[in-house]
Amino acid sequence: MEKELENKIKQIKPVDRQLERQAKAVFDAVFKPIDGLGRLEDILCRIAAIQGSCQILLEKRAVFVFCSDNGIVQEHISQSPSEITRVVAANMAAGKASINRMAACCHTKVVPVDIGMQKPVEGCLDYRVTNGTKNFAKEPAMEREEVIKAILTGIELVFQYKQKGYKLFGTGEMGIGNTTTTSALSSLLLKLSPQEVTGRGAGLSDIGLAKKYKVIEEALVFHFGADYNKQEYSVISMLEKVGGLDIAGLTGVFLGGALYQVPIIIDGVISACAAVLAARICPIAKQYMLASHLGKEPAHEYLLEELGLTPIIHGDLALGEGTGAVLLIPMLDMALSVYYNQETFVKNHIEAYKRQKGD
């Protein structure tokens, strides 16, 4: 499996910047101020470069929601039990979760993926690697082979759904305890302390948050030594030691987007962590990522900065499930309607605005 992953990574190519410039010229010809839609124009022009055509297509889209259980919950770092993961996953499969409601408003398909829950849920795609991760406070979260299998699963899902005609993917997750996993990974990736990157997750008290800091700190020292945030580690090693399966699967989705030339929308802190992991494996993958929003978790802003991406939405979101990613989609639809506007400067017999030097 490791050789298979390496071969796929070698096939990833940079986006076509010339197409990005051509798409920008289309926007500039529309009867409106230059850069009138700001970063929305930049995102659509990047999508043109990713898709390999100035005929930008967004009409068929989906959000992958990776569901998994996290053994670190045994350390009581969450106010919710692991059973909640399964309940929410079942609601997603039944079309009743928050992500389903929001995705329906922008005609986006929700794809719940069981990549590692303790028990299967009817209606979720069954790609279970194992029955949840182990408690990384006491032992490695996963085996190396499990990490690679989860990453390959994410890549494969992008391939399958691109074959079905999907043009744009959002990322989401569901797994009690996964903000703890994300904070541990973010501390390693960003060389910051757990206190700098860890938030309250689903609503921890001050006492609960202090315990979360302590559990993460002690686990990182256990696996990587006292100078854990001064060293470099491989992506596979980090995931193997602290997990989780949802993050590994999402890492694969971001790599799959780069491999199969499909834009991938980053949701919250957990998918942003996966995006950084994917970029560490293959830096070119950053060119295929789109930032949606900035959430409450402290690590989120640091991770997006690491990727060189600026979010459009600043709403203090903390819902997860891919809800922030789907919020961006109707905004892109509206911007795309302007992109295809036939009311151009030429049609109105008016000289077009000129870009000033340095624009």
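Begin by selecting aspartate 35, which is partly exposed, with a relative accessible area of 32%. The model on display is predicted. Aspartate 35 sits in the loop that joins helix H2 (17-29) to helix H3 (39-51). Inspect its backbone torsions: phi is positive, at about 60 degrees, although the residue is not a glycine. Most residues other than glycine have a negative phi.

Select glutamate 321 next. Here too the residue is not a glycine, and its phi is positive, at about 70 degrees. Glutamate 321 belongs to the loop between strand S8 (313-317) and helix H14 (323-339). Is glutamate 321 buried or exposed? Its relative accessibility is 8%, so glutamate 321 counts as buried, the limit being under 20%.

Now move to the pair formed by glycine 243 and glycine 244. The peptide bond from glycine 243 to glycine 244 is cis, and its omega is near 0 degrees. Most peptide bonds are trans. For orientation, glycine 244 lies in the loop between helix H10 (235-242) and helix H11 (245-260).

Which residues touch the most other members of the largest nonpolar core? They are Leu239 and Met289, in a core of 83 residues. Apart from this core lies another, of 40 residues, which includes Ala23, Ile43, Val121 and Leu168. Return to methionine 289 and display its surroundings. Leaving aside residues up to four places away in sequence, methionine 289 touches Phe254, Ile264, Ile266, Ala275, Ala278, Ala279, Leu307 and Leu309.

Finally, select the whole chain. The protein contains 14 helices and eight strands. Along the principal axes, its C-alpha atoms fill a box of roughly 70 × 45 × 45 Å. Of the 359 residues, 58% count as buried. Among contacts with a separation of 6 or more, 75% are between residues 24 or more positions apart.

Conclude with the surface and the charges. The protein exposes about 15,100 Å², of which carbon and sulfur atoms supply 52%. Colouring by charge will show 39 positive and 41 negative side chains. The centres of these two sets lie 4 Å apart.

Key. Residues are numbered from 1 along each chain as its sequence is written. This is a predicted model: local features need pLDDT of at least 70, side-chain atom pairs count only at pLDDT 80 or more; totals for chains, interfaces and linings use all residues. Side-chain values use heavy atoms; hydrogens and water are left out. A nonpolar core is a set of buried Ala, Val, Leu, Ile, Met, Phe, Trp, Tyr and Cys residues joined through side-chain atoms within 4.5 Å. Buried means under 20% relative accessible area, exposed over 50%, partly exposed in between (1.4 Å probe, protein chains only). Contact means heavy atoms within 4.5 Å. Helices (H or I, at least four residues) and strands (E, at least two) are DSSP runs, numbered from the N terminus. Accessible areas come from the Shrake-Rupley method with a 1.4 Å probe; for residues, only the protein chains shown count as cover. Lys and Arg count as positive and Asp and Glu as negative; His and the chain ends are not counted. The place of a charge is taken as NZ of Lys, CZ of Arg, CG of Asp or CD of Glu.
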